[in-house]
Amino acid sequence: MKFDFVLSQEQQAMVESNLAVINKVISRCIHAKEGVCGLGRDDLYQEGAAALCKAAATYDGTSAQFSTYAATVIRNHLLNHCKAVNASQRNLPAVSLDDTGPEDDRPPPCPEPSVPDGVDELLGRLDVADFLADCKQRYTGVARLGVEALEWKVKGLTGADIARLYGTKPNQVGAWISRAAQKIRKDFAVPK
């Protein structure tokens with residue numbers, strides 16, 4: 001993110017009083033991957049802080065409460081950041097894990113997250129494609145459309161791409177996904 005703005009005292013105060021919004025957005029919308037450079041919790045928090053400053057600089061004070069506006073700006077920025085990191089990871093050469101060099105050349109081990117996450121454990125046991133296919137057979141209506149949209153997202157399409165495929169608006173696709181996620185949480189007892 002390019003910093004081409006300076007925050008006033010009032011904007012700095014808004015940022016300082018809304019730092020908790022960053023953690024809320026990360027815990028609700030983003031899955032930190034400590035083993036991937038740029039996707040660790042600290043990296044995401046730093047990106048979120050930069051986005052929070054950008055939100056303070058661009059907030060007009062009329063459209064919504066600042067915390068709501070900031071959460072949207074942070075979420076969008078973090079999603080773009082994660083997409084960029086994932087795209088850059090695709091271009092890295094593959095290195096055999098069997099070829100271990102000298103001890104000095106190895107990076108230090110990445111620490112595991114300190115809080116166990118039930119979602120990680122569930123997804124670790126399931127193949128996502130099989131899981132979504134099973135959900136698609138279980139659900140009908142909007143929830144089924146949401147599962148189909150999730151399958152497209154796993155394949156790399158954006159919400160706008162999916163909306164074009166179905167001839168609808170992107171926010172409608174988001175509503176489908178939200179409904180499917182709600183049913184999956186209920187049926188599989190996945191914590192939020």
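1. Start with two helices. Helix α6 passes helix α7 in a left-handed crossing. Keep in mind that this is a predicted model.

2. Now the geometry. Two packed helices are described by the angle between their axes and the distance between the axes. Here α6 covers residues 128-138 and α7 covers residues 141-154. Their axes come within 8 Å and cross at roughly 160°. Angles over 145 degrees count as roughly antiparallel, so α6 and α7 are roughly antiparallel to each other.

3. Which residues of α6 and α7 make the contact? From α6 come Val128, Leu132, Ala133, Cys135, Lys136 and Gln137. From α7 come Arg144, Val147, Glu148, Leu150, Glu151 and Val154. Sorted by class, the contact of α6 with α7 has seven nonpolar residues, one polar residue and four charged residues.

4. Next, look at His81. This residue is found in helix α4, residues 66-90. Is His81 buried or exposed? His81 counts as buried because its relative accessibility is 16%, and buried means under 20%. Leaving aside residues up to four places away in sequence, His81 touches Gly38, Leu39, Leu44 and Glu47.

5. Finally, find Lys24. Helix α2, residues 20-29, holds Lys24. Its relative accessible area is 48%, so Lys24 is partly exposed. The cut-offs matter here: exposed means over 50%, and buried means under 20%. Trace Lys24 to Ala71 along the chain, and the two are 47 residues apart in sequence. In space, Lys24 and Ala71 are 8.2 Å apart, C-alpha to C-alpha.

How values were computed
Residues numbered from 1 in each chain as written. Predicted model: local features only at pLDDT ≥ 70, side-chain atom pairs only at ≥ 80, totals over all residues. Heavy atoms only, no water. Helix = DSSP H or I, 4+ residues; strand = E, 2+ residues; numbered from the N terminus. Buried < 20%, exposed > 50% of the residue type's maximum accessible area, 1.4 Å probe, protein only. Contact = heavy atoms within 4.5 Å. Axes fitted to C-alpha atoms, helices over the stretch in contact; angles between N-to-C directions. Parallel < 35°, antiparallel > 145°, perpendicular 65-115°, else oblique. Left-handed = near helix turned anticlockwise from the far one by under 90°. Nonpolar A, V, L, I, M, F, W, Y, C, P; charged D, E, K, R; others polar.
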